[in-house]
Amino acid sequence: MIEAEFGGRVFTAPVEGGCVDVEMEQPELWYPNGYGAQPLYPLTVKLTKNGALLDCEKTEVAFRKIEFVQNENADPRSYPFTYVVNGKKVRVCAKCGAEI
């Protein structure tokens, strides 16, 4: 059995599926440094067999929406795209969006 503890709730699924869907209503969104808060949520995933714990992993997760949008009327000599995180345009200083 796979069990995930998240947001004060427990979600389970059989091992055969190998996947547990978790839900959280209206999480606070994560923003890049300087653009807003960076809330993290604890997540614990356990693997059990006949009630015995085989493995356990604890981590933190965050939620965000990232878009790569074309700039309107951009100068052809400039980079014509902008990163938008949770509806806010952000300046990315690293190649390949590594800061995000």
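1. F68 is partly exposed, its relative accessible area being 42%, and F81 also counts as partly exposed, at 32%. In this note, buried stands for under 20% relative accessible area, exposed for over 50%, and partly exposed for what lies in between, with a 1.4 Å probe and protein chains only. The model is a predicted one: local features need pLDDT of at least 70, side-chain atom pairs count only at pLDDT 80 or more, and totals for chains, interfaces and linings use all residues. Residues are numbered from 1 along each chain as its sequence is written, and side-chain values use heavy atoms, with hydrogens and water left out.

2. A pair of aromatic rings is described by the distance of the centres and the angle of the planes. Rings of Phe, Tyr and Trp (its six-membered ring) pair if their centres lie within 6.5 Å; planes under 30 degrees apart are stacked, over 60 edge-to-face, and the rest tilted. The count by this rule is four aromatic pairs. The ring centres of F68 and F81 are 5.0 Å apart and the planes are at 15 degrees, so this pair is stacked. F68 belongs to strand β5 (residues 66–70) and F81 to strand β6 (residues 81–85), so the pair ties together parts that are 13 residues apart in sequence. Strands and helices are DSSP runs numbered from the N terminus (strands E, at least two residues; helices H or I, at least four). Ring pairs also link F6, Y41 and F63 into a cluster.

3. Which strands make up the sheet that contains β5 and β6? This open sheet of three strands has the order β5-β6-β7, with antiparallel pairing. Two strands pair if DSSP finds at least two bridges between them. At the edges stand β5 and β7 (88–90), each with a single partner strand, so one side of each is left without a neighbour in the sheet. From one strand to the next the twist averages 40 degrees; axes are lines fitted to C-alpha atoms, for helices over the stretch in contact, and angles run from 0 to 180 degrees between N-to-C directions. Antiparallel β5 and β6 are joined by five bridges, and F68 stands opposite Y83 in β6.

4. A second open sheet is formed by four strands in the order β2-β1-β3-β4, again with antiparallel pairing. Its edge strands are β2 and β4 (52–61), each with a single partner strand, so one side of each has no neighbour in the sheet. The twist here averages 20 degrees from one strand to the next. Strand β1 (residues 2–6) pairs with strand β2 (residues 9–13) over five bridges in the antiparallel sense, and A4 stands opposite F11 in β2. These two strands, β1 and β2, form a hairpin with two residues between them, and G7 in the turn has a positive phi of about 60 degrees. Strand β3 (residues 41–49) runs antiparallel to β4 and is joined to β4 by nine bridges; K49 has A52 in β4 as its bridge partner.

5. The largest nonpolar core consists of eight residues: I2, A4, F6, F11, A13, V20, Y41 and L43. Such a core is a set of buried Ala, Val, Leu, Ile, Met, Phe, Trp, Tyr and Cys residues joined through side-chain atoms within 4.5 Å. Two or more residues of this core are given by each of β1, β2 and β3, and the largest share, three residues, comes from β1. Apart from neighbours within four places in sequence, F6 has contacts (heavy atoms within 4.5 Å) that include F11, V22, M24, Y41, L43 and F63.

6. T44, in strand β3, is buried, with a relative accessible area of 12%. Residues up to four places away in sequence not being counted, T44 touches E3, A4, E5, C56, E57 and K58.

7. Most residues other than glycine have a negative phi, and most peptide bonds are trans. N86, in the loop between β6 and β7, has a positive phi near 55 degrees, but N86 counts as buried, at 15% relative accessibility.
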